[in-house]
Amino acid sequence: MASTKAILAGLGAISALAAGTGINPCAAAAPAGPDLKRKQPEIERIVGAISPRRIEATIRKLVGFHTRHTMSETESDTVGIGAARRWIRSEFERCNAANGGRLQVAFDSHVAPVSRRISRPTEIVNVVATLPGTQEGAKDRIYVVSGHYDSRNTDVMDEKGYAPGANDDASGTAAVMEMACVMSRHQFDATIVFMTVAAEEQGLLGAAHWAEQAKQQKLDIAGMFTNDIIGSSRDEHGKIDDKQVRLFAEGIPVEKEMSEAVRTLVQTGGENDSISRQLARHVKEQGERYVPGFKVSVVQRRDRYLRGGDHMPFLERGYAALRFTEPNEDFKHQHQNVRTENGVVIGDMPEYNDYNYIAKVARVNAAALATLALAPAAPRMVQLRTAQLENDSTLVWQANVEPDLAGYRIVWRDTTAADWQGARWVGNVTEAKVPLSKDNYFFGVQAVDKDGNASVAAYPVPLR
Ligand SMILES: [Zn+2]
């Protein structure tokens, strides 16, 4: 009971509020916490440094390898996936040398056996640049951002034909490389892994290999984003929408047998409070804060129909994972042999990308990653007292370990609302009561550091 004093202090602050006239959870009687609305100058510098011109140059270089099909040429220095991955690695290293050398750049390689989309044993190589966290208590927490550098044309087994893959997915690859270059000049409490992966088109093999290694090593992957087809703001009728990006976020995980954790989520109506949905709320809030005029449109499903992506192997291993994709896909410019049909140009070429648009999506990613890696971990063991019938709500949680922790904030929303509507700073305690009924609201608890960086919210499970 080491935290009894803290609990009493927290309750004292809140009972003082409740004893006043009217029960307003937003009242000024609450202790003053860090300013959570303030934009951090360091994150503004990161966002401002992301360059559409460099992103364009990277994409044009990747397209220049003719094909990046996973089973294509690996000996040539100018053609095929081998040349492409060596160039990506050399770019990470070049940037790292100019920025203080804190990125750890490596190939993550394995040989995939023959499978539905792999006709002979093939070396699958991810190019991984890790920016280690610098804070004790936070550096083992990891955020992953990825794009896939392999490409394809109409025939997924065509390893020789032209497959420029400028949007799918040189766009995501270039965004990840740009983020690594810009963000490695800065220090973060937690670790960020910038990853360009292979064999997405052959069945998500590169990402699955990395995610499986992470699971076996029990790595604390606190969030993962894939950027896949973030290149174009133009729909199939020529209309431009460069003011939003879709963010796909899974609710209830797809499982053959319902796990205990999922059962509790469903029993309490928490279908919209899965770890991926909580992560998506954070990305939307921070992305829209740092990239004004640009909307993060959360789509409450795992992915589009008939499609998949590199977030899925992470979801399947129990990690929070999201997918960024442009708002209106033009399927003439994906997975197609380059050709002209009835005067219509078909194929995934660089002239159909919008480089300013890609930079905006990269900025949203960078702002979200930076805020996550500066903030504390989401509180653990968050519980809602349900032993008695009462109209207040009491939440308890385990204390965070980060040395720069300032305290905790309780957030809430109506049961039909998508985003948090109210918040209350409760100080550095591990138990607090809010004068709102747990029957009528969803709650979350966030850990906040002294600079006002707030963690992803954690959903409380019942404590009887
Ligand atoms: Zn793709």
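A residue counts as buried here if 20 or more other C-beta atoms lie within 10 Å of its own, exposed if 12 or fewer, and partly exposed in between, with C-beta atoms placed from the backbone. This is a predicted model: local features need pLDDT of at least 70, side-chain atom pairs count only at pLDDT 80 or more, and totals for chains, interfaces and linings use all residues. Numbering starts from 1 along each chain as its sequence is written.

**View 1. Helix H4, residues 81-98.** Its 18 residues reach 26 Å from first C-alpha to last, close to the 26 Å expected at 1.5 Å a residue (1.5 Å times one less than the number of residues). Helices (H or I, at least four residues) and strands (E, at least two) are DSSP runs, numbered from the N terminus.

**View 2. The buried residues of H4 and what they pack against.** Ile81, Ala83, Ala84, Arg85, Ile88, Glu91, Phe92 and Cys95 are the buried ones. They pack against helices H3 (52-63) and H5 (170-183), plus strands E1 (104-112), E2 (122-131) and E4 (191-197); contact means C-beta atoms within 7 Å, placed from the backbone.

**View 3. The largest nonpolar core, with 121 residues.** Such a core is a set of buried Ala, Val, Leu, Ile, Met, Phe, Trp, Tyr and Cys residues joined through C-beta atoms within 7 Å. Tyr143, Met179, Ala180, Ala366 and Ala370 have the most contacts inside it. Helix H10 (residues 355-374) gives the largest share, 14 residues.

**View 4. Around Met179.** Leaving aside neighbours within four places in sequence, Met179 touches Val145, Phe194, Ala362, Asn365 and Ala366 by the contact criterion.

Technical notes. Contact = placed C-beta atoms within 7 Å.
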